[in-house]
Structure formats: C-alpha cells, structure tokens
Amino acid sequence: MPSRRRALFVIAILLAAGLLSLVGALLVGSYAIAPGEVWARLTGNGGGTGGDIVLGLRLPRALAAFACGGLLALAGALMQVLLRNPLADPYVLGVSGGAAVGALSAMLFGLPLIFVHGGSFAGALAAVVTVFGLARGDGSWTQSRLLLTGVIVAAGCGAGVALILSLAPEQKLHSMLFWLMGDLSHAGSPWPALAVAAIGLALVMPIARDLNLLSRGDLVASTLGVKVRSLRAAVYVLGSLLTAVAVTTTGSVGFIGLVVPHLVRLTIGNDQRVLLPATALAGGALLVVADTLARTVIAPQQLPVGVLTALLGVPVFLYLLSRQPKGGRE
Amino acid sequence: MSALLEVRDLAAAIGGRTLVSCLDLTLDAGERLAILGRNGAGKTTLLHTLAGLRAPLAGDIRLCGEALSALAPRRLAQLRGVLLQQQIDAFPASVLETALIGRHPWLERWAWESTADARQARQALAAVGLAELEQRDVHTLSGGERQRLAVATLLTQDPRLGLLDEPLSHLDLNHQIAVLELLASRARESGMGMIMVMHDVNLARRYADRALLLFGDGSAQCGPVAEILDAPTLSRLYGHPLRRIDAGGSDYFIPE
C-alpha cells in the first residue's frame, strides 16, 4: 500500500546519503586537506591553498556530478515509463549520440571548451527534434515507432562518432575518448545543471501518479482519465532535455540512467511518486562517489568516471537482483 | 432522468472497413447488455468507441446526459470504466497497488490513496477471491487470477457504466459464473450499467438483459435476450449452424 509517510522516509534517507557523498568528495583528493580546514573554508573563516582547492575545484565538481547523476537517473526513469521498457535508458533515443557528434566535431576542429559544450547541446537538440518529428509520423505515436526511430538515429550518430574518431589526430583521441565515457574535469559551473535537475523534478512530481498509469499501458491510462498523448509528448521532451543538459556538462556517462532506476525499483517498488525523487537523489549520490573514486584511485592520474559507475553499479545491481524473492515483494 | 448511455446513428470503422453503421442504443442504470459476434466483427471497436477511447465515424454518444466528447478525461473516468482485453504489466507491482489504480480518477492531484480507498480495493479483491494475494507481485499471478484482478480494479474504480471486453477470458467455469454473479449483484445493488463483449451465447442469455448482435457488415440487431437469441439468427451470426435444446425448462444453444 503506497503511503506518503514511507515516501518521505525513503527520500530523507537518500538526501542524507547524497549529503554524505558530497562531504566525502570534499574531504578526499590527491592533495591532503584536514577535515577541520575544509569545514573552516566552507563556513567562510579560513583560507590557504587547501581552502581554494575545496571551494574552487572539489565543491563545483562534486555538485556538477550530483546534478548530472540526478539528471541522468531521472531521465532514465522517465524513458523506461515512456517506452514501457525496462531496458530503456536516457541514451536509447539518440540524445547522447547527437551530443557526441556535436562535441567531438568541436574538438576535431580544435574549438575552445565553450564550443564543445555548445556543440554537444546543439547536437542533442537536433537528435531530439529529428526523432520527435519522425516518430509522430501519422500521429499514432506508438512506442515501437518511437523506439525504432530513436535507435536508428542513435545508430547514425554512432557512425558519425566513429568517422570523427578515425579522422582525428592522435593527440586529440584521448580527450575524445574521455568525453565519450564521461568526464567531470571540464564540467564548469554546476549551477545550470543543478537548476535544471530541480526544475525537472518539480515538473514531474505533479504528474507522477499519471506516470504510474502510463507504465501500465496507454489504453489503461486513457480509461482512467490520463491525457495520454500530451503526457507522452511532455515526458519525451522533458526526458530528452534533462539528458541533453547532463551530457553537455559531463559527456556521455554510461550506466547511471539505466541502472539507478532499477536499483531504486528493486528496493522500493515502482510507484513513480517515490521512485522519481529517489532515483534522482540516488543517481546524484552514485555519480559523486564514482567521480571521487575516479580522481583518487590512481591519483594524480584520473580515470573516466563512466568506468567507475559501471564498476560500482554492476555488483550492487547483481546483488539486488539475486536477493529478490521469487514469490512476491515485501 | 436521462438514460445512462444514449447512442444515436453511430458509425464506427477500423482500417477503412465500416463495422457498425446507423446504430441506435439506449442503456439504463442497472441494465446489462451483451455484445455478440464473430472475430473481427467490430465488438472491441464498438466498445472502445462507446468508452471514448476512439472517435466515432459519425453519430452521437451521450453518457449521463452529456456528450461523450465534451466530458473532461477525469470526469469521464469517474462515469465509465473499461475492462480491457489485455493487461500489460511491464514493471512489477503488487496486487493491491494494481487494484488501487482504479481510484486514480477520484483522487486530487497531490492526494495519496486513503485508508477508505484501500478498504474499497480490498473489498473488490475479496469479492473476486484475491484477498489472500494482495501482496503478491502481478507477475506471479496465473492468467485467470490476473483477469479477476482486472475485474477488481474496475469495481474499485466504481463507475456508473462498465464496459467489459471479454470479462470471462482465462477464467475457469467456476470463476466465470462467480464473476458474472458478482457483476449481476453490482448491477442490481448499485445500479451499475454494463456492456459486455461475450463469446458464450448461453451465459449471455443467462446474465444479460439484452443482446446486441454485430454481423460484421455494418448491420446489427438488438433486443431482449429471450427474443433475439434464436437458432436461425445465431447460426447466421456465427456462420455455423446452432441448435436449440430444451433442458428442463431452460433453453441452451449448442453447435451442430
């Protein structure tokens, strides 16, 4: 029986986990800083090199990781409902492919970072508009048509990426590969991504119960009073925009968008009113932890964060899956 | 007091083929109508048209005195419920959660299901014999249990008009009768009107007040079951000869 009290309990726990992950990210790094010094700098009465590293490098990077993890996980949960397919992720409809073509093109021509971000966002939007326009077709808007259009556009983008990689001079390949696997070292200001994550969550919460019905089929949702066509269009556009912002900030970090919604679903069930905020928080926390590890395990060298998300997520996911009782839940 | 459902000059088509034309139909509260016809005759298409899930080709449908197309989706879902031919469970959910989706049209945007809603869902689950299974995942249910859950969801929705597409599919004999008795008592006690797509002529004769026969070429016949269901008409309807036999005062139709 779904209840508001249980939802608030779950969200409080995940908020605490998110905060804990951020604190950890501030304390850990290749330059050792005492916890007292971190605290002093955060509360505004300290300084020195350690303080600059905490406030100027670690904090914005950790916040960007939190925002993008949340964006990707939320977008993944929305795509799984929209396509009614547990294997859907934020990238399945070609958003990240379009972004990759845009970003890697900018890198190929040696353009400054701002153009890499701009190219990534423009590429993502181009993919969204293409899929949206083609998938509507005769207006039927079935999800198999949407999925097929998205997968084909993604495949086209994949060919574009392969072409760019084969044309690129060797010294640029390294940064291109990092972009493709996801990398937070060029994230920039975390505030746009944080704002978009908050707005996205605020937009989906009022329609979360309608999404519960949509996940049970368009016809069922229609018979119970959901305006299915406009809801589907809204979910598609919102999910794609969230993904575009995340990919623009960090490159195409894999795994979070596919697996975090499943982790949360396996733990607390599929009620979107709990699942969506819980997924956003869990995704944020997981990416912060993964990024902290990515910049510390073989410091001073950094790993692409996408490698860590998968290395962390796969065992956790497999454990939860095997623990699931056969007969029922709870 | 207007009728629950009033249909005038209705035409419905699918894939360019007209399945129903010039249909007039009135259903009062507490009345049960069975729709009979061959596969592809347009039974589901007609049911979905009456439910407002697809637009009619022509004609006028009024539900509780209001034009169907003018009703807001949420209001429509309070007035009419639909039992679909197939249930899709892409994600895990408990039996109780699934019955509770019937309360969706009655809840305000930010409201959660109350204990009264849960009581209503549990009563419906008990009525179809699923009370013991309320915590089970829907994926672990048998076909018949899933079908009874769909009936319970419709009863939890508690609409004035129920449109049921093959409510007996997957059900064993015992549960076919139990579900039809349950629906009959709901029609009697709370005045819920029902339109049921059925394949069993004898059960339709026993559990419906009237029958609507769809011949698949646009023509249809409607009337009280005792008058309209006879061997020649049914033989024409199904394209297979049927014979009426008398078994101790009640008549049954069997295929030749």
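## A covered strand in chain B

Let's start with strand S3 of chain B, residues 32–37, which is mostly covered: six of its six residues are buried. Keep in mind that this is a predicted model. In a regular strand, side chains alternate between the two faces of the sheet.

## The antiparallel sheet

Chain B also has an open sheet of four strands, in the order S2-S1-S4-S5, with antiparallel pairing. Its edges are strand S2 (17–27) and strand S5 (66–67) of chain B, each of which pairs on one side only. Helix H1 of chain B, residues 43–51, packs on this sheet and touches S1, S2 and strand S4 (58–63) of chain B. The direction of H1(B) makes about 130° with that of S1(B).

Zoom in on strand S1 (residues 5–14) of chain B and you'll find seven bridges joining it to S2(B), with the two strands running antiparallel. One spot to look at is Leu5(B), whose bridge partner in S2(B) is Leu27(B).

## Where the chains meet

How many residues does the contact take from each chain? It takes 28 residues from chain B and 28 residues from chain A. On the side of chain B that touches chain A, the elements giving two or more residues are helix H2 (73–79), strand S6 (80–83) and helix H3 (95–100) of chain B. H2(B) gives the most, with four residues. Sorted by class, that side of chain B has 17 nonpolar, five polar and six charged residues.

Chain A has 14 helices and zero strands. Its radius of gyration is 20 Å, close to the 20 Å that the globule rule gives for 330 residues, so chain A is as compact as a globular protein of that length. Along its principal axes, the C-alpha trace of chain A spans about 65 × 50 × 35 Å.

As for the inside, buried residues make up 49% of the 330 residues in chain A. Among contacts in chain A between residues at least 6 apart in sequence, 76% join residues at least 24 apart.

Note on methods: Residues numbered from 1 in each chain as written. Chains lettered and ligands numbered in written order. Predicted model: local features only at pLDDT ≥ 70, side-chain atom pairs only at ≥ 80, totals over all residues. Pairing = 2+ DSSP bridges. Contact = placed C-beta atoms within 7 Å. Axes fitted to C-alpha atoms, helices over the stretch in contact; angles between N-to-C directions. Nonpolar A, V, L, I, M, F, W, Y, C, P; charged D, E, K, R; others polar. Rg over C-alpha atoms; globule rule 2.2 N^0.38 Å. Buried ≥ 20, exposed ≤ 12 C-beta atoms within 10 Å, placed from the backbone.
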